[in-house]
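I opened the notebook to look up a few spots in this structure. My entries follow in the order I made them.

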Amino acid sequence: MTDVTRQTVTDPTGAAEFLGRRRELSALRSDIARAGLDTLAGRPAPRSRVLLVAGRPGTGRTALAEYFAARLLDTGDYPDGLLRARLTEPGGRPVPVARVAGDLLEALGAPVAPGADDEDATAALRAALTDRRVVLLVDDVDDAEPLAELIPDDRHCLVLAVARGPLIGVPDVRPCTVGGLDRNTAVRLLVRGAGDIRVTVDPSAADRLAELCGDLPAALELAAGWLAAHPDATVVEAVRRIVETPDPVGAAGPDPADGEGEGEDDVADAAEAPLSRAFALAHAALPAHTARMLRLLALAPAGLVDAHTAAALAGCPVPAARATLAELTAFGLLRPAASETGSGGPDQYRVPGCLATRIAALLAALERPGEALLARARMLERIVTRLRACQAVTEPPGSPAREWLAGLPAALRFETPEAAADWFATRRPMLVAAARTAAAGGELDTLARRLFAALSRVLIAQLPPAPARAEVYRLHELALAVAERRRLTRERAAALLSLGDMDADAGRPYAALDRYRAALEVARNEREEDADAAGRALESIADTYAELAEWQRAADWYGRALPLSQTRGDLAGTARLHGRVGEALVRTGDWAGALRAWRAAAAAHRRLGDVPAQARALSEVALAQERMGRPDDALRTGSDALRLAERTARRELQAELRLRLADCAEQLGRDEAAAAHRAAAARLRTEGAARADEGPKAPARTLTPPPAPTLETQTAAAND
């Protein structure tokens, strides 16, 4: 799940905390009222108006967009609320458009089919936004193309984009460039940390400190956090320290006052220097254990962290992690997740995007790779444990899962299913991001596979079917990538089969066929053929051709699956497949082939002792004999089937057999017998038929999680 929320609150950022930006807010309001190019040309606007808040990270561009969006909701012009999405992950990786569109659709209550491509997902999003009046806030836009695909085809919506610079390729975009704050507002931000007295005593020092921070909100918050943590320090001391403190990773650029930076790289460094200085100031004031936790937060999935995640990363108790997170927040190095997105629990924080690369650089420079890998492993293990606990609390008392849950430390348990559901609802973006990052790493694939399995089970249990399918589809794709990387052929086949099932359920039969054929190839190429997976793939291919009404192909593929079922000694599967072959051949008009198939099915059901299924198969044999012009044989076979059916309570089957016998009797000129059979059939139906027995069916496709690694597959992965 990408970072998508839907809000109807009036102010996601808090009006009391927002300072300045009056000029920018006025410009944004004017841009909404200003006529677009289509209006000037006398044409109705074909798409939503796009406003752009452009600025470097740390300028407060997202806060400005959020505040402006909240004010728009206050006007009542957009009664359907605010939708939010991010197009870039904290590490700089672009988020696939299909995933963004799918998550927005879920927020609208209109989830798209799992596995939908970019075109289908964005088309569904535009259709869902028709006749709605929403503000779509799209953050961290690095490329105009994905944004253009998300713009609604409805002029009553408004798109508010946040990017570093201009977005060439989006027509009629309205840019609002954001830089530093005006100096008075910048000093007011410092007052929050320093207090009125220190600033009043030395206003020139406060002015100099704001200048060194470039008047950037993120840098000012860090400086204010340092002042708040040092109540006895003067503003002059803060100025001295911010100038003298070296950047912990050597990232600080030249001071703009030095007159250097004529090259393009130097200009970029100069622009980054204020935030680098403020970050160095805050980092230098941190105790050693707090500084270490800060750099380990570079491993937090999607930059989201709570006390449990932080405790696992740092290897410390949860209460200590909770206190450290609060300390980092006071310094301005973390932000409460709920204040940024309007969602998230009270114990959840986000690493500011403008600091993410600096914290990652700290991790690379100051932490050994082995220690970072161990921290990631502890974090994933903790997430898996919490997911298992979330699932276990929903199991019946006395079950093995509940007994396992009772053995966990109190800090890891959930006392009620409601508490588990609340936890999952607020942590879902972090959990899904953890699965993505675990799949991308490659060093902890066994843990990643355990995470996929545990998360899938919780998604299936906690979400409605449609969004659960979309998320589980993505997890199966991740599981497939890991299985291919580790050459785990059985898991590759299982993932391909599950993806094929979901493609088929989503109305993409040809995509499903590709998945099933790939699974068949994997199963047959294994050193020891996986007969179960191969048989399942063959039958799934046949089922898909049957859904496409390509009956001869369906019969051929069912026939290919038969020998595997017989080799495995799967008598029930053999009976089912004989029946499927018969059903398909009936559709092609091959009555002789259908007759042989249904006779084989009847014999298999007889060996199984399944009387209703045997009676049904014999009734199909009788039908084939009747269509082949053999009414005497059909009458005898139908009578045998009726005797079997009368041993069951299935009145509808008995009535159907009576009617078939009536048809055979009429062909033989036995009108009285035919009339008697029809009367008996009518009586059976009026007496109240039991549930209709429609014969053999394809097994219902169920939503299955990726398989958790067993001891055998873990050993195989280690050997690889």
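Which helix holds E539? I noted first that I am working on a predicted model. I found E539 in helix α24, which spans residues 531-547.

Next I asked: is E539 buried or exposed? I read a relative accessible area of 10% for E539. Buried means under 20%, so E539 counts as buried.

I then looked up the surroundings of E539. Its side chain makes a polar contact with the side chain of R580, at 3.0 Å. Beyond four places in sequence, E539 touches Y558, A561, R576, L577 and R580.

I moved on to A546, which also lies in helix α24. I noted 18% relative accessibility for A546, so this residue is buried by the under 20% cut-off. Setting aside neighbours within four places in sequence, I listed W551, A554 and Y558 as contacts of A546. I also checked A546 against A584. They are 38 residues apart in sequence, and their C-alpha atoms are 7.4 Å apart.

My last entry is on a sheet. What is the strand order? I got β7-β9-β8, an open sheet of 3 strands with antiparallel pairing. β7 (304-306) and β8 (335-336) each have a single partner strand, so one side of each has no neighbour in the sheet.

I counted 2 bridges between β8 and β9 (residues 348-350), running antiparallel. P336 stands opposite Y349 in β9.

What lies across these strands? I found helix α14 (residues 318-330) across β7, β8 and β9, at about 40 degrees to β9.

Definitions and conventions
Residues are numbered from 1 along each chain as its sequence is written. This is a predicted model: local features need pLDDT of at least 70, side-chain atom pairs count only at pLDDT 80 or more; totals for chains, interfaces and linings use all residues. Side-chain values use heavy atoms; hydrogens and water are left out. Two strands pair if DSSP finds at least two bridges between them. Helices (H or I, at least four residues) and strands (E, at least two) are DSSP runs, numbered from the N terminus. Contact means heavy atoms within 4.5 Å. Axes are lines fitted to C-alpha atoms, for helices over the stretch in contact, and angles run from 0 to 180 degrees between N-to-C directions. Buried means under 20% relative accessible area, exposed over 50%, partly exposed in between (1.4 Å probe, protein chains only). A polar contact is a pair of N or O atoms within 3.5 Å; within protein, one must be able to donate a hydrogen and the other to accept it, and residues adjacent in sequence count only if both atoms are side-chain atoms.
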